[in-house]
Each structure stands twice: as C-alpha cells, then as structure tokens.
Amino acid sequence: MFNIADYMKLKEFLINVGLVFMLLCQTLHGQQDVVEDGEIANTRAKAKRGEAEAQSLLGYYYAVGQGVTKDEVEAAKWYRKAAEQNLAAAQFNLGSCYDRGQGLAKDMAEAVKWYRKAADQNLAEAQFSLGVCYKRGEGVPQNDVEAAKWYRKAAEQNYASAQFNLAICCIRAQGVAQDDLEGYKWCLLSSAQGFEQAKINVVKLEAALSSEQIAEGKLRANNWLKQHKKS
C-alpha cells in the first residue's frame with residue numbers, strides 16, 4: 001500500500017546515496033555540472049544563430065564560470081535574449097538576476113515582470129518566486145492572497161519550498177482560510193522531499209494535533225500523492 005511513511009523512507013534513501021535536491025535555496029534552472037570538450041563552442045554557435053535554449057545555457061555557463069570566465073553581465077545578456085523568445089527557464093533566470101542584482105542593477109519590478117512571464121508558463125520555480133514577491137511586497141504591493149495563490153500553483157507541481165510556504169499560510173490564515181489539517185498535509189509532503197523546515201514543523205504539529213487529526217492529515221497527504229503519482 002502506498003503511504004506517506006514509505007514515501008519518506010524512499011526520499012531519505014535517495015538523499016543518503018547523494019541524490020540531494022536543493023530546496024532551501026533557489027537555484028538556476030537547468031543546472032549542469034560538466035561541460036564536455038567542444039560543448040561551449042557548439043553552444044555559442046547555436047546561441048549566435050538565435051536558438052533560445054542555447055542562449056539560456058550559455059547564460060548559465062557565464063553565470064557560474066563553467067567552461068568560460070565567470071561574467072554575470074554576459075550571463076544576463078544571454079538570458080535576456082532567450083527570455084525575449086519566451087523561454088520560461090530564461091525568463092526565470094533573468095528575473096533572478098534582477099532579484100539578486102547579478103549582472104545588472106537590482107530591480108524588483110523587473111524581477112516580478114520576468115517571474116510572472118515564466119510563472120504563466122507553469123514554471124514552478126517562477127510561481128514560487130512570484131509568491132515570495134507578493135508575500136514580501138517586493139516589486140508588487142504586498143498581498144497574502146496572491147502569495148498563497150502562487151504558492152499553491154507551485155505546490156501542486158510538488159515544489160517542496162512552495163508546499164512548506166503554503167502550509168504556513170494555512171496554519172496562520174495568511175491569504176487562505178485557517179486550516180491546521182491542510183497545513184499539516186502540505187508540511188508532510190514537503191518534509192517527504194527532505195525540506196528541513198517542514199520536518200521541524202511536522203514534529204511541532206503532531207505534538208499539537210489529536211491522533212484523529214494526524215490520521216486525517218496523513219490520509220490527505222497519501223491521497224494527494226496517489227493523485228500525483230507519475231505513471
């Protein structure tokens with residue numbers, strides 16, 4: 001029988017053997033570790049021909065100094081070329097550049113603009129980042145309802161950071177109706193992916209909830225997993 005306990009054990013095993021999914025820190029989309037000989041030149045040639053995916057990849061190489069000298073200005077330049085061709089990953093990365101002030105001046109209004117373009121294409125990272133902007137009132141007026149809405153979109157794609165933030169919204173009645181069980185459910189789902197803050201909050205919630213509520217929360221989490229299980 002598929003249950004949350006088994007799912008958590010599987011995730012912990014994967015983490016122990018080194019397949020760690022970085023959830024606490026927002027990372028660049030499409031990250032790679034190794035560039036083979038000739039790949040940079042090939043990518044650059046494609047980027048110069050106007051291929052959006054190559055432009056985005058070349059931007060990443062410059063952002064991290066992989067195969068080229070690190071240059072955040074060049075990274076932002078190539079991200080922009082791909083973003084203007086409506087490539088969601090590049091739009092998210094360009095938004096991150098504006099958000100962090102990397103390669104261009106920090107500008108949260110521009111960050112929100114590009115996050116939104118990527119979020120509208122259903123990119124979970126961008127949906128989560130847009131939710132954070134609404135929560136903090138950065139680049140947009142502060143709005144808990146909008147924050148929770150975008151967290152939910154990313155959470156439904158199994159994005160652990162968004163699941164945790166949505167859990168907090170449910171528990172604290174921030175932008176959504178107060179619901180400890182929904183909060184517990186989303187904490188369980190986030191915790192199952194190794195998100196440390198969610199693990200801590202699961203322990204706290206289980207100390208406060210009744211055994212019946214804990215059972216109901218686990219049932220909701222199990223049902224969600226079954227509905228979203230990849231075939």
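Begin by selecting Glu196, which counts as partly exposed at 42% relative accessibility; partly exposed lies between buried, under 20% relative accessible area, and exposed, over 50% (1.4 Å probe, protein chains only). The model is predicted: local features need pLDDT of at least 70, side-chain atom pairs count only at pLDDT 80 or more, and totals for chains, interfaces and linings use all residues. Residues are numbered from 1 along each chain as its sequence is written, and side-chain values use heavy atoms, with hydrogens and water left out.

**Stop 1: Glu196 and its partner**

Glu196 forms a salt bridge with Lys199, and the closest N and O atoms are 3.4 Å apart. The term denotes a side-chain nitrogen of Lys or Arg within 4 Å of a carboxyl oxygen of Asp or Glu. Both residues lie in helix α11 (residues 196–208), three residues apart, about one turn of the helix. Lys199 is partly exposed, at 24% relative accessibility.

**Stop 2: the whole protein**

Zoom out and display the chain as a cartoon. The secondary structure comes to twelve helices and zero strands. Helices (H or I, at least four residues) and strands (E, at least two) are DSSP runs, numbered from the N terminus. Read along the sequence, the pattern is α-α-α-α-α-α-α-α-α-α-α-α.

Of the 231 residues in the protein, 45% are buried. Among contacts (heavy atoms within 4.5 Å) with a separation of 6 or more, residues 24 or more positions apart account for 55%. Switch to a surface view: the protein exposes about 11800 Å², of which carbon and sulfur atoms supply 50%. Such areas come from the Shrake-Rupley method with a 1.4 Å probe; for residues, only the protein chains shown count as cover.

**Stop 3**

A search of the whole structure finds eleven salt bridges. Next select Arg220 and Glu182, which form one with their closest N and O atoms 3.1 Å apart. This pair links distant parts of the chain: Arg220 belongs to helix α12 (residues 211–228) and Glu182 to helix α10 (residues 180–191), 38 residues apart. Arg220 is partly exposed at 24% relative accessibility, whereas Glu182 is buried at 17%.

Glu216 and Arg220 are separated by about one helical turn, because they are four residues apart in helix α12. Glu216 has a relative accessible area of 31% and is partly exposed.

**Stop 4: helix α9**

Select residues 160–172. Helix α9 has 13 residues and reaches 18 Å from its first C-alpha to its last, close to the 18 Å expected at 1.5 Å a residue; the expected span is 1.5 Å times one less than the number of residues. Is α9 largely enclosed by the rest of the structure or largely exposed? Eleven of its 13 residues are buried, so α9 is largely enclosed by the rest of the structure.

The buried residues of α9 include Phe164, Leu166, Ile168, Cys169 and Cys170. Show the neighbouring helices as well: the buried residues of α9 pack against α7 (124–136), α8 (144–155), α10, α11 and α12. Just after α9, Ala173 takes a positive phi of about 55°.

**Stop 5: the cysteines**

Colour the cysteine sulfur atoms. A search of the whole structure finds zero disulfides, a disulfide being a pair of cysteine sulfur atoms within 2.5 Å. Cys187 is in no disulfide; its nearest cysteine sulfur, that of Cys170, is 9.3 Å away. Cys187 is buried, with a relative accessible area of 0%. Cys97 is also buried, at 5% relative accessibility.

**Stop 6: two asparagines in loops**

Most residues other than glycine have a negative phi. Select Asn86, in the loop between α4 (72–83) and α5 (88–100). Its phi is near 70°, a positive value, and Asn86 is partly exposed at 47% relative accessibility.

Finish at Asn122, located in the loop between α6 (108–119) and α7. The phi of Asn122 is near 75°, again a positive value, and this residue is partly exposed, with a relative accessible area of 47%.
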